Amino acid sequence: MNLKVDQSTARAMNRRLILNLLRENGPLSRADIATTIGLSGATVGFAVGDLLTEGLVREGEPSSGATGRRPIPIEINYSGLLAVGLKLMVGSVECVLTDLSTTPLITRIIPLPDQSPETIVKVCAQAVADLLAEGGAPGARITGVGIAMPGIIEDGICRRSHRFNWTEVPLARMMADVVHVPVWVEDDTNAFALAQQLFRLGRHHKTIGALAIGAGISCAVVIDGQVHHGAHGGAGKLGHSTFHPEGLPCECGRRGCLQTLFSEPALLRRWQAATGAAATTTRHDMAEAARNGDSTAIGLLSEAGQAIGSILATFANIVDPEVIVVGGEAVAFGDLFFEPMRQAMLEGCLLPPPPITPDWIDNSWAQGAAALATRQVFNFEASAGAVRLS
Ligand SMILES: [Zn+2]
């Protein structure tokens, strides 16, 4: 094996070191970049010059008030590259066009007539074309398309998705064959974790848990800044931990999994059944009822928080994360849900438990998908994505 690092590899590593430093710290002068990374001023000068030419960084305004020659801050040009993120759900796909930091520029939700791979590729390809036609300024460059969906995903292939009833679907390749840009596919909670690690709360941590409670329950694992997939792409599937062996059937074919009782739709369904609330009520109605003292809603959220917290404590005892970031639709339930979870963690963790920190906006799923496409700019170990066979 040839371990020699050639010149182009060294340049690629230097530029990514610089981009990541700017991503984590914000604008810095060339001299500060050189000092922090430990490269010569000339090397940094060349690398920054290349990045300026490519439009990935730009020069900011020198700080006012300083005397003498004021250093010019270098910052990432987040609008220099666009990405498309697609989050597949049963019945619809959430689509975003984002900048390099996955900040949405355009968002839309498109219904899916069925959930066959062929239909989904067709709908998604049209969505990509429409988003780029509407939001892509002339000359705008796109880094690629990221697709997030619940399942066990390896190398762009959906090995198994119980929710979509797919087995061995080469989704990245199918999509790349029609959209003509690189395509990445990832489990939705792993994609959420990646966006957290790159651009949000996880930026300043090496080891995090990214708990997502929506239609399912998962806790993605980020270790040393990398999303951990496990040996078969199945890491983090917390929601399929058995809670009641004789319980309700789960989408995975087993019984009594945690998510059969405590996913967001399961909680809402149980609240509606117990109180007679209309089937059209939403999680927001249930959250409001809980805040107004509805004992059924409070009891359900407390039971869910304790149950998830106790399993999360085991997770924390194994992984030892610095923080657990929480996303997913169930974040709407607020502290009546999170406080019992924190209490269960306190009881179940060997060490003082990591903080449980909600960080969620409506577009977070699709932003995670877009992060699949923007990560390659920052991570030289990222896969190149599927591209169309010529
Ligand atoms: Zn299950």
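The model is a predicted one, in which local features need pLDDT of at least 70 and side-chain atom pairs count only at pLDDT 80 or more, while totals for chains, interfaces and linings use all residues. Residues are numbered from 1 along each chain as its sequence is written, and side-chain values use heavy atoms, with hydrogens and water left out.

The protein chain falls into domain 1 (7-76), domain 2 (79-194 + 365-378) and domain 3 (201-358), with bounds that come from an automatic or database domain assignment. Taken over C-alpha atoms, the centres of domain 1 and domain 2 lie 31 Å apart. Nine residues from domain 1 and eight residues from domain 2 take part in the contact (heavy atoms within 4.5 Å). Between domain 1 and domain 2, about 640 Å² is buried, and carbon and sulfur atoms give 55% of this area; buried area is the accessible area (1.4 Å probe) that two parts lose on being put together, summed over both. Arg16, Leu19 and Leu56 supply 48% of the area that domain 1 buries against domain 2, more than any other three residues. Helix α1 (residues 7-25) provides the largest share of the side of domain 1 that touches domain 2, namely four residues. Helices (H or I, at least four residues) and strands (E, at least two) are DSSP runs, numbered from the N terminus.

Next comes the interior. A nonpolar core is a set of buried Ala, Val, Leu, Ile, Met, Phe, Trp, Tyr and Cys residues joined through side-chain atoms within 4.5 Å, where buried means under 20% relative accessible area, exposed over 50% and partly exposed in between (1.4 Å probe, protein chains only). The largest such core has 83 residues, of which Leu211, Leu312 and Phe337 touch the most other members. Helix α10 (residues 295-319) gives this core its largest share, eleven residues. A second, separate core holds 34 residues, including Cys95, Val128, Ile153 and Ala386. Returning to Phe337, its contacts beyond four places in sequence are Ile213, Leu301, Ala304, Gly305, Ile308 and Ala330.

Finally, Pro150 sits in the loop between β7 (141-149) and β8 (152-154). Pro150 counts as buried because its relative accessible area is 9%. Apart from neighbours within four places in sequence, Pro150 is in contact with Lys87, Leu88, Ser161, Arg163, Phe164, Asp187 and Asp188.
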